[in-house]
Amino acid sequence: MESVVFLLLFLLQVSGSAHGRCFCQVTGELDDCTCDVETINSFNNEQIFPRLLPLLDSHYFRFYKVNLNKPCPFWTADSHCGLRDCAVKPCSPNEVPEGIRSAPHNKYSAEANKQPLTECEKEKHLGAVDVSLSEKTKEALLDWRKHDDKAERFCVIDDEESPDSQYVDLLLNPERYTGYKGPEAWQIWNSIYEENCFKPFTVKRPLMPSSFQSSSGSEARTFYSWLEGQCVEKRAFYRLISGLHASINVHLSARYLLDDTWFQRKWGHNVSEFRQRFDSDLTAGEGPKRLRNLYFLYLIELRALAKVLPFFSQPSFQLYTGRPEEDQKYKELLLEILNLAKSFPLHFDETSLFAGDEKEAAQLKEDIRLAFLNISRIMDCVGCFKCRVWGKVQTQGLGTALKILFSERQIEALPQSTEQRPSFQLNRQEVVSLLNAFGRISTSIRELKTFRSLLAEER
């Protein structure tokens, strides 16, 4: 009897703490899934996350092509963020590996490929770069450019083709708190949720900026009653967007500017900021729901990595930078991660999606594809350039994951011979965004472990 009383007192103490208010509901099985939070934590933190870090630090995955000069297509943006932490420094041409710049899927030029590097250029590249391609490899890489999968794309591709696009080194422009907030930032998320998540305007989201102070429990109940009444596909779509939003908020809380003086700038975990975004009491009960959606997003992207393994396993696919030994090393690491993803025991079952009438399912797929395509265009409205870069990376990564999950038959039908037209393709931009986006989600799950410990210390 005494043990039962002690347990009840302990549970009351935990639920009343900041740790409990953020995490007490983030446990057990996830909605519409057979997987639980604890299994994901263990799998990610012990197996996936440690392997992803060196892969994303490699030359192939750290350079992302982006056009930061595109105007917002939906409204007139008053100005760009003037904060110094919003700025992005694009790469100069000699900072990007020659193999990435001159490969066929990046406006391949035979002339550029034939020009030998001078000794000075070799030194700048930290060693001689092999930019020669075999005929077989040229054909395989050129095929990426020939493959027209416009109907399968979930994101705009302007950045890949635009002459205004430049490469950005993601390691030198990390995602972190920049100070970009207020009405302009809220306008981005409101446009995403209100216009692209299949929600009628008469149903109010909990904690909308205009009603934050007066948000009532009845509004939340109405919203979740509407959401549960939707088909599983539309529920999943909303939860993916909510999970992406939550993941970004975790990153901003984990890499927060804690100290800014003339002699140092210190970035680290801001527990107060984390609580402001996820504490149940401070978010009218929304915070824990957002974190659960983050785990749902992790499952979807993990499933996509497992399903796309046959594509990356093809001999014709390579992480081409012009450094053969390094390229082979990281392709082996990539395949190790993908095989590990495939071994996960509690994958999301995507066969539960679009299982009804074939015609209706096809239309629903197209509606979701177009909604996500629209969300990717909204990224050009983000005033903070650093936020825009990472917004594009993560939306394109999630869009690529959805493309993979919607292309199961095409992946299964991949030809054994390079002479046959491929039934499924990903270009370099999609590959880089897919892995970096999953890296962001994986990092968020890992950061939650740190925030659990920091909040537990406050008890």
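Me: Which residue in β4 is the bridge partner of D260?

Reply: D260 has R265 as its bridge partner in β4. This is a predicted model, with residues numbered from 1 along each chain as its sequence is written. Local features need pLDDT of at least 70, side-chain atom pairs count only at pLDDT 80 or more, totals for chains, interfaces and linings use all residues, and side-chain values use heavy atoms, with hydrogens and water left out.

Me: What makes β3 and β4 count as paired strands?

Reply: Two strands pair if DSSP finds at least two bridges between them. Strand β3 (residues 256–260) and strand β4 (residues 265–268) are joined by 4 bridges, so they pair. They run antiparallel. They form a hairpin, with 4 residues between them.

Me: How do you know that β1 and β2 pair?

Reply: β1 and strand β2 (residues 166–169) share 4 bridges, so they pass the same rule. Their sense is antiparallel. Y64 has V168 as its bridge partner in β2.

Me: Which residues of β1 lie on each side, and are they buried or exposed?

Reply: Strand β1 (residues 63–66) has F63 and K65 on one side and Y64 and V66 on the other. These four are buried, and both faces of the strand are covered. In a regular strand, side chains alternate between the two faces of the sheet.

Me: How many helices and strands does the protein chain have?

Reply: The protein chain has 20 helices and 4 strands. Helices (H or I, at least four residues) and strands (E, at least two) are DSSP runs, numbered from the N terminus.

Me: Why is L448 called buried?

Reply: Buried means under 20% relative accessible area (exposed is over 50%, partly exposed in between; 1.4 Å probe, protein chains only). L448 has 0% relative accessibility, so it counts as buried. L448 sits in helix α20 (residues 428–457). Beyond four places away in sequence, L448 touches F23, V250, F274, L291, L294 and Y295; contact means heavy atoms within 4.5 Å. L448 is 201 residues from S247 in sequence, yet 10.0 Å from it in space, C-alpha to C-alpha. Of the 459 residues of the protein chain, 54% count as buried.

Me: Which residues touch the most other members of the largest nonpolar core?

Reply: They are F274 and F312, in a core of 116 residues. Helix α14 (residues 286–307) supplies the largest share, 12 residues. A nonpolar core is a set of buried Ala, Val, Leu, Ile, Met, Phe, Trp, Tyr and Cys residues joined through side-chain atoms within 4.5 Å. A second, separate core of 5 residues includes F63, V96, I100 and Y167.

Me: Which residues does F312 touch, beyond those up to four places away in sequence?

Reply: F312 touches F317, K331, L334, L335, L338, L426, V431 and L434.

Me: Which residues are closest to the centre of the second largest pocket, and how much space lies in the pocket?

Reply: About 840 Å³ lies in the second largest pocket. Of its 28 lining residues, F354, K365, L405, F406 and S407 are closest to the centre. α17 gives the most to this lining, with 7 residues. The lining divides into 14 nonpolar, 4 polar and 10 charged residues.

Note on methods
On a 1 Å grid over the protein atoms alone, a cavity is a set of points where a 1.4 Å probe fits but cannot get out, and a pocket is an open set with protein on both sides within 12 Å along at least five of seven lines; lining residues have an atom within 4 Å of a point. Grid points are joined across faces, edges and corners, and a volume is the space filled by probe spheres set on the points. Ala, Val, Leu, Ile, Met, Phe, Trp, Tyr, Cys and Pro count as nonpolar, Asp, Glu, Lys and Arg as charged, and the others, Gly among them, as polar.
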